Amino acid sequence: RSTRHSTLFPYTRSSDLVVWLTIPRLRASLIPAAVAAGFVFHHAREDSLLLTLALVQGAHVPPFATHYVGAGGVVLREDGQILVVSERYKLLPGRRLKLPGGALQAGEHIGDAVVREVKEETGVDARFEAVVCLRHWHGYRYGKSDIYFVCRLAPLTTELDPDPEEIAECLWMPHGEFLSDPEVHPFNKRIVRAALESAGLSREFLDNY
């Protein structure tokens, strides 16, 4: 399909003409013919490959996604204890306590994602309160960049039921003890301080956003 003043690809300029070709996995035998015709790979999904062909030199082709997005939760009890985990599989030896969290799924909001990740990893139900800080860095998985939102949550339950496949240890710990642990990574200490010191950003939903 071609785009000119496309609503699907709004950054295409009126002077540009780009052909977008989606090849389903079941028709993968067509890929060599498309490449021979000048198409280049744009991105792949589990069930298809998208290729593009610029018919005008310098035509603007909007890039595919450049970032991963994740969310981590500082689940803070009224008595000052926070919910921490130690992953079963980690790069460095030792306990290496951290905050529960993980990647957002397609179509998932940040607040919903962090509540889900906390529940999956620890068994604790929690309520999203605020985004307290974020980390943005580059050179992540597959060469993508990464944005990691850190959220403060209030626990609705306290009983622990960690995921045995992912989590080696799960516990409630006084935040002062966590901050003084020499094995805790400085980033994890920093985000706990942010959760303790910052009012953060609450979420608001507007029509069509």
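Predicted model: local features only at pLDDT ≥ 70, side-chain atom pairs only at ≥ 80, totals over all residues.
**Cysteines, a mixed sheet and its covering helix**

A search of the whole structure finds 0 disulfides. A disulfide is a covalent bond between the sulfur atoms of two cysteines. For Cys-151, the closest cysteine sulfur belongs to Cys-133 and lies 8.8 Å away, which is too far for a bond because a disulfide needs the two sulfur atoms within 2.5 Å. Cys-170 is likewise in no disulfide, the nearest cysteine sulfur being that of Cys-151, at 18 Å. Burial was also examined for both residues. Cys-151 has a relative accessibility of 0% and so counts as buried; Cys-170, at 13%, also counts as buried.

Four strands form an open sheet in the order β7-β5-β9-β8, and their pairing is mixed. At its edges are β7 (101-103) and β8, each of which pairs on one side only. From one strand to the next, the twist averages 20 degrees. Helix α4 (residues 186-197) packs on this sheet and touches β5, β8 and β9, with its direction at about 135 degrees to that of β8.

Strands of a sheet pair through backbone hydrogen bonds, either parallel or antiparallel. Strand β9 takes part in pairings of both kinds here. With β5 (residues 67-75), strand β9 runs parallel, and 9 bridges join the two; in this pairing Val-75 stands opposite Leu-153 of β9. With β8 (residues 126-137), the sense is antiparallel and the pairing extends over 10 bridges. Two examples of facing residues can be followed in the model: His-136 stands opposite Ile-147 in β9, while Trp-137 has Asp-146 of β9 as its bridge partner. Strand β9, which spans residues 145-155, is mostly covered, with 9 of its 11 residues buried.

Helix α4 itself comes next. Its 12 residues reach 16 Å from the first C-alpha to the last, close to the 16 Å expected at 1.5 Å a residue. An α-helix has 3.6 residues a turn, so residues three or four places apart point the same way. The buried residues of α4 are Asn-188, Lys-189, Ile-191, Val-192, Ala-194 and Ala-195. These buried residues pack against β5, β6, β8, β9 and α3 (175-180).

Leaving aside residues up to four places away in sequence, Ser-202 touches Glu-129 and Ala-130. Ser-202 is 146 residues from Val-56 in sequence, and the C-alpha to C-alpha distance between them is 46 Å. With the same exclusion of sequence neighbors up to four places away, Ser-86 touches Arg-95, Arg-96, Leu-97, Ile-167, Ala-168 and Glu-169.

Key:
Residues numbered from 1 in each chain as written. Heavy atoms only, no water. Buried < 20%, exposed > 50% of the residue type's maximum accessible area, 1.4 Å probe, protein only. Pairing = 2+ DSSP bridges. Axes fitted to C-alpha atoms, helices over the stretch in contact; angles between N-to-C directions. Contact = heavy atoms within 4.5 Å. Expected span 1.5 Å × (residues − 1).
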